[in-house]
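This report describes selected features of a predicted model. Please keep the sequence and the structure in view while reading.

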Amino acid sequence: MSTTSIDSLLHEERRFAPDPAFTAQAVAGPELYEQARADRLGFWAEQARALHWHRPFTETLDWSNPPFARWFHDGELNVAYNCLDRHVEAGNGDRVALHWEGEPGDSRTITYAELTAEVKRAANMLANLGVGQGDRVAIYLPMIPEAVVSMLAVARLGAIHSVVFGGFSAESIRARVEDADAKLVITADGGWRKGRVFPLKNAVDAALAAAETSVEHVVVVRRGENEVEWEEGRDLWWHDAMAQAEPEHEAQGFEAENPLFILYTSGTTGKPKGILHTSGGYLTQASFTHRVVFDLKPETDVYWCTADVGWVTGHSYMVYGPLANGATQVMYEGTPDTPHPGRWWEIIQKYGVTIFYTAPTAIRSFMKAGREIPLAYDLSSLRVLGSVGEPINPEAWVWYREIIGGGTTPVVDTWWQTETGAIMISALPGVTTTKPGSAQVPMPGISIDVLDEDGTHVGKEAGGLLVVTEPWPSMLRGIWGDPERFQETYWSKFGDKYFAGDGAHLDADGDVWLLGRVDDVMNVSGHRLSTMEIESALVSHPIVAEAAVVGASDETTGQAVVAFVILRSKKAKDVSATEASQLLRAHVAEQIGAIARPREIFVVAELPKTRSGKIMRRLLRDVAEGREIGDTTTLTDSTVINVITDTVR
């Protein structure tokens, strides 16, 4: 990266040292880094032994056939037993596992003893339907307790779940069910979203009608009380099948490398990639990182990760990590603004949430709505805040700390991916002096580097490509059914190093600043500019609520900067779109330099977002370059991009 291009980020001078009172009680200390440096494999073996093993492992890592790793492979464990039974057996059966809140206002509180009993019965129910070790089960559910029960019941049997986000289309379900060759699908009649019931089973029906699969049964949870089609012999109600299942189920151990789940993520070729994770290494790193990154004290904390179970964050930090650690957590079905814009803060106040983990997109939307909304609630229970999913700009980071965290709560900005399985780079609360906008330091036991195109370390105050240089426990074990694609996608560029596909910059301290996907880094007149950095400059202006930046083809400069911005309604009511564009172009030039000044800035009412809240910059690039708009099936509202196209024209 050119030094000009990262000025606005790296000249972020605000620093927040750990509060000594927090440090004195912190779960993690600086000695973790020293232990991991002294003996990396010994360090991970020690973390693994915090789990319950049906048969202890004797070998930590087998890396004899890279890039295919085997961690703790001669040991045996049961993932569901680690998340459930062992807590009950330790006398913590009365501890709350889930405070579940439905969007219409219904709620359930489920203890570890109750959750264990439900998962045992569900495991028997699935076994009665022919599910066993190695079988694939697709799960297409809203954010209801049965989603967690289903995942853990599948894991308990040594089977493999493939959770499909409840907002995906029938075609997306078909592709995933077909690729995984699922034997059974678990769905619901419907789920609540934005005040109404969204039907789900009809999407499954349409997917299976078009799919070439061997799905034998569809188990349906009653949630929406809406009408559903029914295929006799194939379809069963969850409550009926559960009533017929035996209550007791003994968890058996499975090899540590027994597959746990397949999770599909978009690929550059268009066909989704089935990311495969196994059991022992995954659970080791998910539980360790959850404990130390969030300073978890399971006896007293109430933890809330807002991610849907359909995404990897929901897998690692809403199901497996927290439950393996015996945490009490909140699970919420609906959207942040239903039935009113303070819903999330109301839930934090209701349950006394102490640890809160959400995405920068959500944080920026709260900024846009105004601080008076969260300030109307008592958020004083919060003691750790986390960010996940994309780089967070410094202004949003500071707003999060000041407004949600009361100006004292540590913020941990976590970098990881579906492929990495668990957090790879993050501050540790009570240990790290935090920098707004920086992911900061690799986790203990994780080896990260930033390289230039030819594989040379870039050094401090320079940017390049983020790689992982040593195998890690929760790493993906492949792409389901396609080992060649696995090697080509992640290992072909640097051979023995995993290339994450992200650009990064090392500052003068050697801390990591994420610059987004490599294809979100523009080359303007020979200068590499980060889209995230220009977005940060734009949202630092008081009239801007949210911004998305793309690189558009330009005959003169190679690429030109094109920005799409949403204005803050209160601040911008007296500013025309033309005035705002001129003002903001000058502001970016002042913040970063003339090279970063956007060629065009379009004022829009909304940005195109996926159902998980990520901005679809690919579609904005199509608009900026005057191309036909690409696939919009994953958008929450596909009309948004049409309105933007009309605005640009």
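## A hairpin

How many residues lie between strand 4 and strand 5 in the hairpin that they form? The hairpin has five residues between its two strands, and Gly105, which lies in the turn, has a positive phi of about 110 degrees. Strand 4 covers residues 96-101 and strand 5 covers residues 107-111, and the two pair in the antiparallel sense over five bridges.

In soluble globular proteins, nonpolar side chains tend to be buried together. In this predicted model, the largest nonpolar core has 138 residues, and those with the most contacts inside it are Phe294 and Tyr320. The largest share of this core, eight residues, comes from helix 8, which spans residues 145-156.

Leaving aside residues up to four places away in sequence, Phe294 touches Thr289, Tyr303, Tyr317, Ile355, Tyr357, Arg383, Val384, Gly386, Val412 and Ile423.

## Helix 16

Helix 16, made up of residues 394-404, is mostly covered, with nine of its eleven residues buried. The buried residues of this helix are Pro394, Ala396, Trp397, Val398, Trp399, Tyr400, Arg401, Ile403 and Ile404. After helix 16 comes Gly406, whose phi is positive and lies near 65 degrees.

Technical notes. Residues numbered from 1 in each chain as written. Predicted model: local features only at pLDDT ≥ 70, side-chain atom pairs only at ≥ 80, totals over all residues. Heavy atoms only, no water. Buried < 20%, exposed > 50% of the residue type's maximum accessible area, 1.4 Å probe, protein only. Helix = DSSP H or I, 4+ residues; strand = E, 2+ residues; numbered from the N terminus. Core = buried A, V, L, I, M, F, W, Y, C linked by side-chain atoms within 4.5 Å. Contact = heavy atoms within 4.5 Å. Pairing = 2+ DSSP bridges.
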